[in-house]
Amino acid sequence: MKSYLSLICLWCIVAVSRANWVRVWEDNFDWNGGVDLNKWDFDMGGHGWGNNEEQFYTHNRMENARCELFPGSGNGRLIIEARKENWDNRRFTSARMKSKGKWTYGRLQIRALLPTGRGLWPALWMLPERQVYGGAYWPDNGEIDLMEQVGYDPLRIHSTVHTQANNHILGTHPSNSVIVGDATNNFKIYTLDWNVDKIEMFVGDEANPFQTRIFIWNKQGDWTKWPFDQPFFVILNIAVGGFWGGAQGLDENIYPRRMEIDWVHFYQWR
């Protein structure tokens, strides 16, 4: 009887825990047309973005960012499309969208289908709303990379954080990667769990979104290693080339190429 009651109590704890995750923001992209500007803004420019990238990011241009319904369905998805075309002294265009919603701690989930093609560099990530720490916005205030993929190794999914003490400029950034064999053929769910003392990132599917843990970073030290106690926003983009994405050159015969995002959901513990 005692063990039976213990099982009941455990089930109740799990049920309550799940109930306490509340979806506070979402976009499901269920229409044909432009992006919802009440939820998203765009970064614009072609200055290399600190990474020697080749593309020009356009502002709310349908060729680079749009919503499309799946054929014969009321369910839609966001299309971010990299294109080979001359634009303001650049030879490629793409989109870099950023959420107008900003949060401190929570669970970010994104269901996405990734592109293939040497020279592409798609990412699902977060940056801080403003500079709170140090003498520079980046890396002092952090960066959370839920998913990065480079086109010359398209089935390898990378998750990373950057801080003042741990970043790629210093070669000290904490990162990990896993192979996801169907990342470019099927939609996968990428999850960030971010709380007061730990960041974890996962990849999976509808049956088990937490199937594979990619990365974990525990709080340590001061703000130079943990600036993740302030509001961050979501970024969705495809870069072309760059120090990492273009490390093995660019295949210029692949374009256009797209990343498809079925939905973006953000939860907080309530």
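Student: Which residue in strand 10 does W125 stand opposite?

Tutor: W125 stands opposite D145. Bear in mind that this is a predicted model.

Student: Okay, and how many bridges join strand 9 to strand 10?

Tutor: Four bridges join them, and the two strands run antiparallel.

Student: What's the strand order in the open sheet of seven strands?

Tutor: The order is 2-7-16-9-10-11-12, and the pairing is antiparallel. The edge strands are strand 2 (40–43) and strand 12 (175–179), each of which pairs on one side only. From one strand to the next, the twist averages 20°.

Student: Nice. Switching topic: how much space lies in the largest pocket?

Tutor: About 600 Å³.

Student: And which of the lining residues are the closest to its centre?

Tutor: Those are N51, W121, E143, E148 and H168, out of 25 residues that line the largest pocket.

Student: Which one gives the largest share?

Tutor: Strand 9, with four residues of the lining.

Student: Last one: how do the lining residues divide into nonpolar, polar and charged?

Tutor: The lining of the largest pocket has 12 nonpolar residues, eight polar and five charged.

Note on methods:
Residues are numbered from 1 along each chain as its sequence is written. This is a predicted model: local features need pLDDT of at least 70, side-chain atom pairs count only at pLDDT 80 or more; totals for chains, interfaces and linings use all residues. Side-chain values use heavy atoms; hydrogens and water are left out. On a 1 Å grid over the protein atoms alone, a cavity is a set of points where a 1.4 Å probe fits but cannot get out, and a pocket is an open set with protein on both sides within 12 Å along at least five of seven lines; lining residues have an atom within 4 Å of a point. Grid points are joined across faces, edges and corners, and a volume is the space filled by probe spheres set on the points. Ala, Val, Leu, Ile, Met, Phe, Trp, Tyr, Cys and Pro count as nonpolar, Asp, Glu, Lys and Arg as charged, and the others, Gly among them, as polar. Two strands pair if DSSP finds at least two bridges between them. Axes are lines fitted to C-alpha atoms, for helices over the stretch in contact, and angles run from 0 to 180 degrees between N-to-C directions.
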